[in-house]
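These are my notebook entries on one structure. I wrote down what I looked up, in the order I looked.

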Amino acid sequence: MPKIFITNESAHPQTFEVHGWNKNRNITVPPHSTSTISAPDQSSGAIIALHDGQEGEQAEITFNGFGGNDFIDISNIVGAGGNLTIQQQGEPTTRKGDPLFMQHLRAAWSKAPQHVKNELKGSVFTDKNGKVVRIGPIKDHPKLEEFIRSFADGKTYIGAGAWNGSPGNPLDNAQSSAAHGTKNAIITYSDEDATPGRQGGNTAHKTSHGNQAHMADHILGQQRSAQHGPADDLSAPKPHKPAEQHGPGIDLRNKSGKACTYFFYDNYWNGNGTAGANFDHPLKSVHLAAHASQFVPLPATFKGRVQRGTLIPATWAEFQLDASNDHAAHGDISLQQGCDGAATIGSTDGSHRIGGFENDILSHAPEKAMVQRKDGMRVLASTMGNWMAGPNEAAAQWEFKTVGQKKAYIKGGSGTDDVASKNQRLAVTFF
């Protein structure tokens, strides 16, 4: 089982959100210390530094992915407030991230003309002395992305990578290059130089295991589709094998007239009403013949979705299996990232709750509401937009008319029935 060593070279405790491991609980690393997290083989997740409660630089990891290699990178898409690097243990050539990101940021800010600073108001945050202390999400501000690229291009993930026909930025795409096989991961945080080992940190000793509770409660609702897409559908999982039908999971049914493979995506992170949707590292896949069904066991910590295939736009069945308030499963159907057909989600504890819809809303949809997906299928476009295109109002209005917000999320994070099942098991049917 690989390990993640997180070294804090700063003089203050540093808190990180942990997504995918450590039961999705935050971890606080004491000054000049290292904390260790165990990670199952072929798992994916993110370690995100927090600054005044705001998400900043993050290390993203997939262990033993495509071709048996690890995939690691540092991303500043959701912000920055410190310096972070990552590499495989004993493999300095695999290092990703700018060890002096904040110093380079402050130098660029001091030289920036006033009109640039005016454009970046609300995105670049300074202390009372004018020193830059953090930046907000790059994904939300094209001008901020342009500014960050002026000094950090090719050193960290800044914008969206190649995906679904979009070439992305080549220097961002290069951040997705494979490492050397699979090894432990070394993450180093610093307010000064985040080069591993530079200030005496020892990833083999002086460890402390953090256990601060993670603040995520309910992941259903608005999805923050800000994570960069994959360069080449890396680490697609192997088809799922049948397992004993007990414990948390999904009763999955294919009611369409053709065979289909369904992919389960665990979120990168979860917040209060928001989620970091995972677009590039599915947890598992299940292939079903037409009119076939199968129970899919999942970890109780799963918070994410299942969809047809790996492409978007697509209909999402969103769910979590062990909510913090009642330890029940909760789910819904979402059309915010598009619709490629009908789907329902229902309880299995005898409460007879169901959400979603069974009717065909594609065949007679207005042309303005449709887009052609990469696989050639005509589907309803995203109602909230993403890195490929903005919100499609025609699709939203058609879905309000034919489905309604009560049955499926179309716009916003409220007004849709929550489907709960006390036994941590839901039934998802695709039509």
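**Entry 1**

Is Phe147 buried or exposed? I looked it up: Phe147 is buried, with a relative accessible area of 9%. Buried means under 20% relative accessible area, exposed over 50%, and partly exposed in between, with a 1.4 Å probe and protein chains only. I must note that this is a predicted model, where local features need pLDDT of at least 70 and side-chain atom pairs count only at pLDDT 80 or more, while totals for chains, interfaces and linings use all residues. Residues are numbered from 1 along each chain as its sequence is written, and side-chain values use heavy atoms, with hydrogens and water left out.

**Entry 1: the chain as a whole**

I found 5 helices and 27 strands in the chain. Both are DSSP runs numbered from the N terminus: helices are H or I with at least four residues, strands are E with at least two. Of the 431 residues in the chain, 56% are buried. I also looked at contacts, meaning heavy atoms within 4.5 Å. Among those between residues at least 6 apart in sequence, 64% join residues at least 24 apart.

**Entry 2: aromatic pairs**

I counted 8 aromatic pairs in the structure. Rings of Phe, Tyr and Trp (its six-membered ring) pair if their centres lie within 6.5 Å; planes under 30 degrees apart count as stacked, over 60 as edge-to-face and the rest as tilted. Trp109 and Phe147 have ring centres 6.0 Å apart and planes at 80°, so I noted the pair as edge-to-face. Trp109 is in helix 1 (residues 101–111) and Phe147 is in helix 3 (residues 142–152), so this pair ties together parts 38 residues apart in sequence. Trp109 is buried, with a relative accessible area of 11%.

I then went to Tyr262 and Phe430, which form a stacked pair, 4.9 Å centre to centre with 25° between the planes.

**Entry 3: charges over rings**

I looked for a charge over a ring, which requires NZ of Lys or CZ of Arg within 6 Å of the ring centre and within 35 degrees of the ring normal. The charged end of Arg134 sits over the ring of Phe125, 4.0 Å from its centre. Arg305 lies over the face of Trp316, at 3.9 Å from the ring centre.

**Entry 4: strand 19**

Why do I call strand 19 largely enclosed by the rest of the structure? In strand 19 (residues 303–308), 6 of the 6 residues are buried, so I do. Two strands pair if DSSP finds at least two bridges between them. Strand 19 pairs with strand 14 (residues 260–266) in the antiparallel sense over 5 bridges, and Phe264 has Val306 of strand 19 as its bridge partner. Strand 19 also pairs with strand 20 (residues 316–320), again antiparallel, over 4 bridges. There, Gly304 stands opposite Phe319 of strand 20.

I traced an open sheet of 5 strands in the order 3-2-5-6-7, with antiparallel pairing. Its edge strands are strand 3 (27–29) and strand 7 (71–75), each pairing on one side only. Inside this sheet, strand 5 (residues 44–51) and strand 6 (residues 54–62) pair over 7 bridges, and Ile47 has Ala59 in strand 6 as its bridge partner.
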